[in-house]
Structure formats: C-alpha cells, structure tokens
Amino acid sequence: MNNLLEISHISKNYITEKEEIEAIKDITLKVEKGSILTIVGSSGCGKSSLLSILAGIDQKTSGTFTFSCSNPVIGYMLQSDSLFPWLTIYENAILGLIIQKKDTKENKEYVKKLLSTYKLNDFMDKYPNELSGGMKQRVALIRTLALRPDILLLDEPFSALDYQSRLAISDDVYNIIKKEGITTLIVSHDIAEAISMSDKVVVLSKRPCKIKKIYEIHLTDKRTPMKNRQAKEFNDYYNKIWKDLDINV
Amino acid sequence: MSSESLQIIKKKKRTKRRILISQILIVILFFCFWEFLSNKKIINPFIFSSPSKIWNTIFSLALTGELWGHILTTLYETILAFGIGITLGFIIAILLYELPILAKIIDPFLTMLNSLPKVALGPMILIWTGANTKSIIVMALLINLIVSIMNIYNGFLGVDPMKLKLLQSFKATKYQILKYLIIPESMRTIISSLKINISMTLIGVIMGEFLVSKKGIGYLIIYGTQVFNLTLVMSGILILIILSFLIYECVSYIEKKLSKNR
Ligand SMILES: Nc1ncnc2c1ncn2[C@@H]1O[C@H](COP(=O)(O)OP(=O)(O)O)[C@@H](O)[C@H]1O
Ligand SMILES: [Mg+2]
C-alpha cells in the first residue's frame, strides 16, 4: 500500500488551570495516497484537535505521524472560511503564497486559473462580503490549493452552509480534489457527507476520541457526492455508522 | 425611482431640515433670553455677563490678534499630544500583545492609573517638568495614553482566532501576523477610538493650561477668573466649545474617510 500519511498512537491532552482534558486517545491511521478519507465523530470529540496537530499548529502529547514524502506541503482548511474582509478575492486567494514568499508569476497565474476554473473570475476584484457562502468556501479552498499541497486537511468544510449549498459545494470540492489528485483528510460530523465523498470513513468514539470502526466505502457506480447518495449501499453504510455514533451518546 | 420613494425621501429631508432649524432657534432664543435677563438686571450682569459683552470681548481679542495666538497654542498642544498619544499607544499595545507576560504583570497598574483622577498629578508634573509646554503635553498624555493603549490592545485581542490559526498554518512569522492580520483587522477599533481620544486630549491640554500656561484658551479662562473678569471667562468657554466641536468634527470626518477605504 502506498500511504502518504501514517499516524501512530497519537494522543492529545489539554491542560488547563483547572483540569486535564483528554481529547484524543491513541489514534492509529493510514491515509492512502490520492484517496479521500473522512473521520466522523460527534462534535467536541477532538476532530479539530487532530487536524491542528497534523497541520503543525498544535503539539501532540504522545505518538508520531509521518509523511511518506519529505517536506510535505500541508493544505489546512479551517472550519470557517476565514477570508480577510479587507482583501479582495484575488488577494485572499494568494495570501498563503505571499506569506510563504512563493508569490511568483507562475503561481499567481495558477491561482487565476483556479479562480476562473471554479467560476470565480468575475469576482476577483470583489470583496468577500459580496459573495455567497458557497463561493467563499471555494475561495478558501483555492487559497489552500494555491500552495500545491501534498495533502489537504479539511475541517468540517461545509458546516457553515445551508443544506442546499452544502450539496452543491461538496460536489464542487470533490471535483476539484479529484481533478487535482490531492490526498485528502476530512473531518465531519455529517454521516451522509462522509459516505458520499470518501473512499474510507473512520468513526470516532466520544471524547476522548478513539477509533471505533473503519469502513471502506464501495458504492456501485461511484460518481459525484450528490449522485452517490442514491447508490443502493448508501443507506446501509448510513445506518451502520449512525449506530456506531449513537451507542456512545 | 418611484414617486412614492421620492415622496419618502422628500419627507425625510424635510424632517432633517426641521431639526436643524429647531436647533438654530434654540441657540438664538437662549442668547436672546440671556441678553434680555442681563440687560434688565434680572440676573447680575457682573457675574453672568451677557452675549453682547462676550461678543465684544471676543471681537476685540480677535482685532488685537491675541485670540489667534491662544487658539493656535491650544490647537498645537492638542494635535501634538494626540499624535504622540496614538503613536506611543500603538507601540506599547504591540509590545503588550507580543509579550503577554508583560501585559499580565502591568494589568493592575494600568487599571489603577486609569481610574486615578489625573488632575491630582498636575502639581507634581509642574515641578518635575517645569512650567512650560512640556508639562501640558505630559498632562494630556497622562489622560489619553492609557485609554489609547487599552483601546488598541483590546482591538488586537479581539482578532478572530480562526484567522490567526490560518496564518499559523501558513507558517507565518510574528511580524507577518502583525502586518497581515492583527493591524489591519484591529484598524477599525483603532479608528473608532480616535474620537474619544481627541476629547480626552483636549481635556488634558486645558487642564495643563490651567496649571501652568501663559497662552492658550485654558490660560484665558483661568486668567479671567483671577482678575474676576467673568466676561473673559465665558468668552474663553465659548471659544473652547466651538473649537472642540470643530476638532471633533474633523476627527469624525477623518474616521469616515478611513473606514470607507476599508
Ligand atoms: N485550547 C484548548 N484548551 C483546552 N481544551 C480544549 C482546547 N481546544 C479544544 N479543547 C477541548 O478538546 C475537546 C475537543 O475539541 P475539538 O478538537 O475542537 O473537537 P471537535 O472538532 O471534534 O468538535 C473539546 O472538549 C474542547 O473543549
Ligand atoms: Mg471542530
């Protein structure tokens, strides 16, 4: 197996003045190159913490994780779009490039190409407050893609959107990821979204989160996330995962 | 635009005009009434003066050129103290933000200093810095600096943690985080604190002038009191009201301009 990321025995405890919160407990996981893996777990179970650790923002308490490539570029997309309201869409999209001093002509062209591919070229000089939630989410994704990441970490990428936009944008994002061929690790609490988008779904228990189950998702006639919801195996997976999560309520 | 919306706009304009006319009327009536009471000796004209006397005083001060010197002095001191206060406040707020330990250590002292009526320090400042413009500036800084440090610092603390995380995920340096996020995001708070700041500064400057100066509107007022010329005192107050109103409007205008560009 060609694994891009191997996580082994990662734990995370938060120490506050009052108590010690055990957020993640002994997680071991492999992410295959080019695949989409979704981690589902109830909210507050430690999903964001895990992504923060992988993105290098937070420290783990114990365990290790390794990437198969050296110096991997990690694209981390946060729970909110976090666009800067005082910058234009284009300026937002190249923010990562500017911070990392990679704002070469070639890379900027790449961002412009991404913006026009994903139907945002008319909005390049607009400001974030003039865009819909789904469009903002796409800009946030392009800002992440601009760095040409080896792996994408998406933290509940659609949770801020209404149901209709969610369905549409998950198709968009899926197509973008697949087209650019990027290994992706998503965390979510939405079971349907997880099944419809991923090759593999990992179910976490309540806090401290441990791995409860791993499902390889095999849908007949696998297409886009929206159409995948119609696959005949979909409900079966849904019920199983729902039960896995429910037991711990 | 439909005729109905035009009607509504017209109505709104009319209301606005009515408010303005009422305001002007109130001022005129106030001065007329005052003049009348003073003229008929219903109130003691020596203590309460009268608009005509005040007007004559201001007019003759303006003719001799003395008036402009006083106004310019106060204006100069205010702008200087305002500029220094904002700049120092900004620098100190950045220091506190970058060194949270320092912020925690000096927090109670800042609060104490903030709640202290600064005028109590006046006589001491006078002795330390000498009776000159310096002590007026120091007095004004005492009043505006803490407020501006706290406003700017709180603006920094109010920055969205998600945006901070985003920049950290880009491996941004501390300087980059300041430049690309902290400063632009807190600009709005900083700009909106300018108005409070200018009022504070003016209070400080007038207080300073009361204590030491030989020029300025504060001096005019205190001098008038000393020679028991209440017409002069009220002239000074009237000029001060107009001046502070104009300064405030200027800062409001700047604030509007700045926040429009954001
Ligand atoms: N900086 C922190 N300090 C203390 N506790 C934290 C911190 N960040 C998260 N936690 C706690 O860790 C747990 C997991 O949080 P999080 O990873 O955000 O969960 P999720 O993303 O699954 O909703 C929560 O109970 C939260 O209260
Ligand atoms: Mg979360």
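Student: Which residues in α8(B) meet which residues in α9(B)?
Tutor: Bearing in mind that this is a predicted model, the α8(B) side of the contact consists of B:K163, B:L164, B:L167 and B:Q168, and these meet B:I177, B:Y180, B:L181, B:I182 and B:E185 in α9(B). Sorted by kind, the residues of this contact divide into 6 nonpolar, 1 polar and 2 charged.

Student: Why are α8(B) and α9(B) called roughly antiparallel?
Tutor: Two packed helices are described by the angle between their axes and the distance between the axes. Here the axes of α8(B) and α9(B) come within 11 Å and cross at roughly 170°. Angles over 145 degrees count as roughly antiparallel, and therefore α8(B) and α9(B) are given that name.

Student: What makes the meeting of chain B and chain A an interface, and how is its area described?
Tutor: Contact requires heavy atoms within 4.5 Å, and by that rule 17 residues of chain B are in contact with 20 residues of chain A. The area buried between the two chains is about 1700 Å², with carbon and sulfur atoms giving 70% of it. Of the area that chain B buries against chain A, B:L166, B:F170 and B:Y180 supply 36%, which is more than any other three residues.

Student: Which helices of chain B each supply at least two residues of the side that touches chain A?
Tutor: They are α8 (161-169) and α9 (174-212) of chain B, and α8(B) gives the most, with 7 residues. The residues on this side of chain B divide into 8 nonpolar, 3 polar and 6 charged.

Student: How many salt bridges does the rule find across the interface of chain B and chain A?
Tutor: The rule finds 0 salt bridges there, although it does find 4 residue pairs in polar contact across the interface, both residues being at pLDDT 80 or more. Over all chains, the count of salt bridges comes to 11.

How values were computed:
Residues are numbered from 1 along each chain as its sequence is written. Chains are lettered from A and ligands numbered from 1 in the order in which they are written. This is a predicted model: local features need pLDDT of at least 70, side-chain atom pairs count only at pLDDT 80 or more; totals for chains, interfaces and linings use all residues. Side-chain values use heavy atoms; hydrogens and water are left out. Buried area is the accessible area (1.4 Å probe) that two parts lose on being put together, summed over both. A salt bridge is a side-chain nitrogen of Lys or Arg within 4 Å of a carboxyl oxygen of Asp or Glu. A polar contact is a pair of N or O atoms within 3.5 Å; within protein, one must be able to donate a hydrogen and the other to accept it, and residues adjacent in sequence count only if both atoms are side-chain atoms. Helices (H or I, at least four residues) and strands (E, at least two) are DSSP runs, numbered from the N terminus. Ala, Val, Leu, Ile, Met, Phe, Trp, Tyr, Cys and Pro count as nonpolar, Asp, Glu, Lys and Arg as charged, and the others, Gly among them, as polar. Axes are lines fitted to C-alpha atoms, for helices over the stretch in contact, and angles run from 0 to 180 degrees between N-to-C directions. Angles under 35 degrees count as roughly parallel, over 145 as roughly antiparallel, 65 to 115 as roughly perpendicular and the rest as oblique.
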